[in-house]
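Biologist: I would like to learn how to read the boundary between two parts of a chain, taking one feature at a time. Could we work through an example together?

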Amino acid sequence: MPTTTVPLLPCTDPDRAVEFYRALGFDTSDQQTKPYLYLAFTLADINVHFKEPAPSLNPAEELSGGCVIFVDDVRGFHAAFSDGLRRHYGRLPITGLPRIARLRPGQSRFNLYDPSGNCLVFIRRDEADITYGGARSLSGLARALDNVAIFRDFKDDDVLAARALDTALRRYRDSAPRLDLARALADRIELAIVLGDSATADSVRAELDSMHLTPDEREGAATELQAITDLERWLG
């Protein structure tokens, strides 16, 4: 028989955990709080179990625990989870706990944080290898953009990604090729939207509009421009 490994994660609030995982579409296969806490949730062949947390555990630090889940259809899971969370909470929880991260065009993974600060990472099974620090074949703003993608898409740190992109724009804005600049500005708009920084989103959008991109340039920046549209549609 095949060996089965099931993550056993800490749970600081059983009621909120049950609410959250049911909203995602999981079934509750075990639920008890006495004589000890134990919860078990199942979705297809995914199993996640929970136990008592350490007394000093602070969910807000988001260092509780986690697991990696490899799937064939990462976009299908993201769409289903987004729909379930929106129906249950009346909005998409994208900040605080619990929350779901967005899935940009071409992205192969997303993070899901539960009320106890556990992180479930859903990764497409055939995800390509990651080059950290920016691809060496690139330079200038293009390499900075590649590095920003690591912070945003893999480290799940939009604040750090925005800070790194602001630094790169200050350094390369006047010398970068127009296409690289357009891609960077579009990325900065998307980051500002997800961070709730409407002032930055509006000002950078105005700068991008003032470039009057050609059809070829729009095609070259299609992924970044589509990410803005997808994010706004996803947030509703």
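Predicted model: local features only at pLDDT ≥ 70, side-chain atom pairs only at ≥ 80, totals over all residues.

Biologist: Which domains is the chain divided into, and how far apart do their C-alpha centres lie?

Modeller: Domain 1 covers 8-124 and domain 2 covers 140-235, and their C-alpha centres are separated by 29 Å.

Biologist: How should I read the size of an interface?

Modeller: It is often given as the accessible area that is lost when the parts come together. Here domain 1 and domain 2 bury about 1400 Å² between them, with 52% of that on carbon and sulfur atoms. On the side of domain 1, the residues that lose the most area to domain 2 are Arg102, Arg104 and Pro105, which together account for 51% of what that side buries.

Biologist: How many salt bridges and polar contacts does the rule find across the interface of domain 1 and domain 2?

Modeller: There are 5 salt bridges, and 9 residue pairs are in polar contact, both residues being at pLDDT 80 or more. The elements that give two or more residues to the side of domain 1 touching domain 2 are helix H2 (74-89), strand S6 (99-100) and strand S7 (109-113), and by class this side has 6 nonpolar, 4 polar and 5 charged residues.

Terms used
Residues numbered from 1 in each chain as written. Heavy atoms only, no water. Domains from an automatic or database assignment. Buried area = accessible area lost by both parts, 1.4 Å probe. Salt bridge = Lys/Arg side-chain N within 4 Å of Asp/Glu carboxyl O. Polar contact = N/O pair within 3.5 Å; in protein donor to acceptor, adjacent residues only side chain to side chain. Helix = DSSP H or I, 4+ residues; strand = E, 2+ residues; numbered from the N terminus. Nonpolar A, V, L, I, M, F, W, Y, C, P; charged D, E, K, R; others polar.
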